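These are my notebook entries on one protein chain.

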Amino acid sequence: MRSLTLLRHGRTEYNAVGRFQGQVDVPLDSLGLAQAEAVAVHLASSASISSIVASDLARAAQTADAVARATGLPVTHDQALREISVGDWEGYTRDEVALKWPQDLEAWLSGADMRPPGGESRAESSQRVHDAVLRHVEEAADDADLLVVAHGAVIRGATELLLGMTDAPGHLGVLTNCTYAHLIPGESGWVLRSWGGGAEAVARAQEKAPEQSRA
């Protein structure tokens with residue numbers, strides 16, 4: 001493995017209005033589609049990519065499809081790369097969750113590694129995606145440059161595990177829509193070369209997007 005790039009999907013309507021998304025299968029909105037096309041062109045021109053694997057949720061799959069069109073590479077989908085499940089909170093805004101589950105939300109926002117009702121903990125989802133990423137790394141050729149298209153919370157958690165940041169969660173911020181982490185293998189583990197790559201391309205997409213796409 002020569003390099004590993006972890007790309008967050010483009011914007012969705014849930015992202016735009018601040019709803020807990022989790023594993024609800026929400027597609028990209030018009031701005032998210034523009035972001036995906038922009039980062040795809042950026043990656044195709046500035047990075048070596050030899051294979052693409054993506055979460056099977058629509059927002060990640062659509063983002064991966066844009067990169068596939070720009071690079072001519074096929075996409076493999078993996079359910080294990082899905083976003084953290086937040087169970088009963090999915091589809092609600094933070095204010096709505098605060099009304100129905102105030103103590104649970106307070107614990108969640110404090111950073112406690114708890115499970116939302118019916119959902120996963122951050123540690124569980126991070127480990128799930130970390131293990132899936134390593135499985136794809138192990139299956140790749142020695143000279144592969146792997147792109148994984150997934151979701152903000154689990155990319156952060158899996159990257160922290162890859163880097164050995166296990167003492168406390170939250171060392172890294174969550175990537176914004178359609179930005180990426182770029183890692184290379186080092187002598188004693190993974191080395192983070194970029195966090196938030198592609199932001200300039202995404203910003204240009206937003207500038208060109210119709211005004212109604214930014215709501």
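Entry 1, contacts. I began with the contacts between residues at least 6 apart in sequence, and 68% of them join residues at least 24 apart. I note that the model is predicted.

I looked up the secondary structure and found eight helices and six strands in the protein chain. Read from the N terminus, the elements run β-α-α-β-α-β-α-α-α-β-α-β-β-α. The radius of gyration is 17 Å, close to the 17 Å that the globule rule gives for 215 residues, so the chain is as compact as a globular protein of that length. I also took the spans of the C-alpha trace along its principal axes, which are about 50 × 45 × 25 Å.

The chain exposes about 10100 Å², of which carbon and sulfur atoms supply 48%. For the charges, I looked up 18 positive and 29 negative ones, and their mean positions lie 5 Å apart.

The largest nonpolar core has 31 residues, and Leu4, Leu6, Trp89, Trp108, Val133 and Val148 touch the most other members. Strands E1 (3–8), E4 (145–150) and E5 (180–186) each supply at least two residues of this core, as do helices H5 (102–109), H6 (122–139) and H7 (152–162). I then listed the neighbours of Leu4: leaving aside residues up to four places away in sequence, Leu4 touches Val133, Val137, Leu146, Val148, Leu162, Ala181, His182, Leu183 and Trp190. A second, separate core holds 20 residues, among them Leu7, Ala54, Ala66 and Val149.

Note on methods. Residues numbered from 1 in each chain as written. Predicted model: local features only at pLDDT ≥ 70, side-chain atom pairs only at ≥ 80, totals over all residues. Heavy atoms only, no water. Helix = DSSP H or I, 4+ residues; strand = E, 2+ residues; numbered from the N terminus. Rg over C-alpha atoms; globule rule 2.2 N^0.38 Å. Contact = heavy atoms within 4.5 Å. Areas by Shrake-Rupley, 256 points an atom, 1.4 Å probe, with all protein chains shown as cover. Lys, Arg positive; Asp, Glu negative; His and termini not counted. Charge placed at Lys NZ, Arg CZ, Asp CG, Glu CD. Core = buried A, V, L, I, M, F, W, Y, C linked by side-chain atoms within 4.5 Å. Buried < 20%, exposed > 50% of the residue type's maximum accessible area, 1.4 Å probe, protein only.
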